[in-house]
Each structure stands twice: as C-alpha cells, then as structure tokens.
Amino acid sequence: MERRNIQFSPPDISEAEIEEVCEALRSGWITTGPRTKELEKRLAAFCHTDKLVCLNSATAAEELNLRVLGIGAGDEVIVPAYTYTATAAAVIHVGAKLVFIDSQKDSTEMDYDAMEAAVNERTKAVIAVDLGGIIADYDRIYDAVERKKNLFNPKTDIQKALGRVAVLADGAHSLGADRNGKMAGEIADFTSFSFHAVKNFTTAEGGAATWRHIDGVDDEALYKQYQLLSLHGQSKDALAKTKLGAWEYDIVAPYYKCNMTDIMAAIGLRQLDRYTGLLERRKQIIARYDEMCDELGVMHLNHYGENHNGSGHLYLTRVPGIGDEQRREIIIKMAEHGIATNVHYKPLPMMTAYKAYGWDIKDFPNAYAYYENLITLPLHTLLSDDDVEYVVENFKSIVKEYLK
C-alpha cells in the first residue's frame, strides 16, 4: 500500500466548532459565562446527573472532588498503579497518602480483592480508572466499601452523609460510556472527565466534575462550593457581577483558579452536537481492529458487550510472547511506515516522581506484565476506512514476525 502518515490522536474539529468560537470572540464574553453554563447543563443531562461543573482540566476536577469531600492530611486514598499521573497527583495535591494497588492479571482494572484489603480506618476514597473508555466494576467497589463501613471514620458532613469510603471515578476516557444501563457520571459518587485535545470530546484543554445525589447533601450548595473552589473563593463569578449594582463580592477563602472559559465551552457545545456520531465512528473502527487482533491472536480490550458500551477512547493491543524490547521494535517499525502508535500506560511506580515516594514496580507484577507488551493503535474519527486498512495491514505484517 502507498505510504500514509497516520497521526495518533488529532482533534476532530469541524467548521461548526470554529464558527462557535468566532461567535464567542465576537460576543465580547470570552471567560466563564453563558456558554460555559449552557455546556454544564447539557453535559449534566447527557450524563444523567443533576449538576456538573466545567473546569480547566480533569486533574482539577479530581482534585476538587477530593477537596469537596474534605480529604487531606492524615487520610488515605486508594488508586490503581496502572494509570496516568493525574489520577495519583490529585491525591498528593490535597495532602493525603497515596495507596497504590496492582492490576488484576491480564487486565487494566485494579485487583479489587487487594483494594478491599487495603481499606482501613484512614481510607477516605477509592479512585477507579475507566481506562480506554471502559467503565470499571463499581458494583464490586461499592460492595467492598460497604463491607468495610464499620472502619470508616468520617471527618466532614459530606463524609458523614455518605457513611462509607467515597467511590470516585477517573472518567478521563469514558464520557459517553455506559454500564448496566447507567452512564459514566451517574455511577460513582464523584466523577472527573477530561476534555483535553486528545480525548473523544474536546474543548482544547478542559474537564468537568459531576456527582450522584447524596441524601442529606444539597446539590445546589455543592455546585456553589465547586464554583468557590475554582474561582479564588470569590462569592460571585464575572457573569453574576454584570447585573446592575452587583459589583461587590466577597472572598470566602483563598482558593484556586481552574475555571473553564467560554471560548473552550464554545468548542464543547458544538462537539456535543456531534458526539453520538463520533462515538459510532469509533465503534466501527474498533470492530475492524478487533477482527484483525482476533485473527492474529493478539489480546485487546473488550469495548462493547451485553452489559456495557465503552466510549472507544483507546485501542490497546498486547502481542503475546514479546517483551519490552520487541514492543519497542514494533513501535519503531510502525513509525517507519508513517503510523504513530503509543503505550497506555507505563505504570506509575516506574516513574521517577513515584519511585521517590518509595514505590517499586517489583511490587506490582501484574501492572508491569500488562505494560511490557502493550501497543496502543491510532484510534480517532479523522481516520478514513482506507487509513484503518493501512494500519491493519502494516500491523499484521509487522507483528507476524514476532508471533511464535
């Protein structure tokens, strides 16, 4: 086949997004304003939740979820070792102790038995990761924290209202996914989403936090708390101050600055108009990749099933019988044919920052075993059918050299 250049994950931006951004610029309102508020309402409806807060990143969303829960120094938060740094960094940002859990064998999901065993009197939250856009087994996590609720030691009113360890979702990949009839966003107690440029749904940068209703907790008050946390602790946002005579505001605490702008929201509004179609196109590409991998005997994620639909964010393959050196060779050979691939992820205990905290990858054998033969194929909605076939034919040709 004639050589092509296949990018790994470029953003799918149409003229509709460009025009909406231009309209936002022409309006004179470019910071948090009416478009951000509209996007919040539409995304909340999409996720089947009552409230959603748009922010400047998923990392900020996860950190604010922890702060709203009152988690900090002296507390422990359980996180899978197999994830991107943002999942763990937010825990460190709030001053809590990070507790890593190994993966299940041949899985991106954490070992739920080990997770349950790690819950103690100091545990305040478990963060699961919907890696690749496939929703984690939150039923199993809820069962575990319910069984351990006798150990739970609440420190804040919201923790008392929950009455158990909080269940958080790192849904950076899973906007639009569902499991057992429920959407990502309405399953975990609190969920963070990413709208970064490489995600299925983008606002260039950006993210959002949403939550399930908790009995005894006022959702409107919770929404206002996120607003305070994301905008310096200022009692009125810029939009509210535009009302006649409403110039005065208070600073209730020296908080943070992580709000979304209307320029970003403009992109998101038009992305949301197109999102169902974008998800369907990903499903078509995944079907072709699945066919290829099944033919080769290469392991891959199960994005769709009887009780779940992933968002189709990442296509992870694992070539049997190879190690890290051979995996790197395959990635280079794909690149020589113009195909950009990636690896999702290098487990966090392998990273310098986390090794400095004392973590050792030797304690996470399943996470390492999943990583060492992993190759992520390009998966995005700018791929034509011919592009997909180009990836398939080259991957098959190269990988067959390594199959025993």
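Two strands are said to pair if DSSP finds at least two bridges between them. Strands themselves are DSSP runs of E with at least two residues, while helices are runs of H or I with at least four residues, and both are numbered from the N terminus. The structure is a predicted model, in which local features need pLDDT of at least 70 and side-chain atom pairs count only at pLDDT 80 or more, whereas totals for chains, interfaces and linings use all residues. Residues are numbered from 1 along each chain as its sequence is written, and side-chain values use heavy atoms, with hydrogens and water left out.

With those terms in place, the protein has 13 helices and 13 strands. Its C-alpha trace spans about 70 × 55 × 40 Å along the principal axes. The radius of gyration, taken over C-alpha atoms, is judged by a globule rule of 2.2 Å times the number of residues to the power 0.38. For 404 residues a compact globule would come near 22 Å, and the protein agrees because its own value is 22 Å.

A residue is called buried under 20% relative accessible area, exposed over 50% and partly exposed in between, using a 1.4 Å probe and protein chains only. By this rule, 57% of the 404 residues are buried. A contact means heavy atoms within 4.5 Å. Among contacts with a separation of 6 or more, 72% join residues 24 or more positions apart.

Strand β6 (residues 178-179) pairs with β7 in the antiparallel sense over two bridges. Aspartate 178 has methionine 183 in β7 as its bridge partner.

Two helices show how buried residues are covered. In helix α4 (residues 85-93), the buried residues are Ala86, Thr87, Ala88, Ala89, Ala90 and Val91. Their cover includes the helices α3 (58-68) and α11 (352-355), together with the strands β2 (76-80), β3 (97-101), β4 (123-129) and β5 (166-170). Just after α4, glycine 95 has a positive phi of about 90 degrees.

Helix α6 (residues 138-147) has Tyr138, Arg140, Ile141, Tyr142, Ala144 and Val145 buried. Helix α5 (112-118) is part of what covers them, as are strands β4 and β5.
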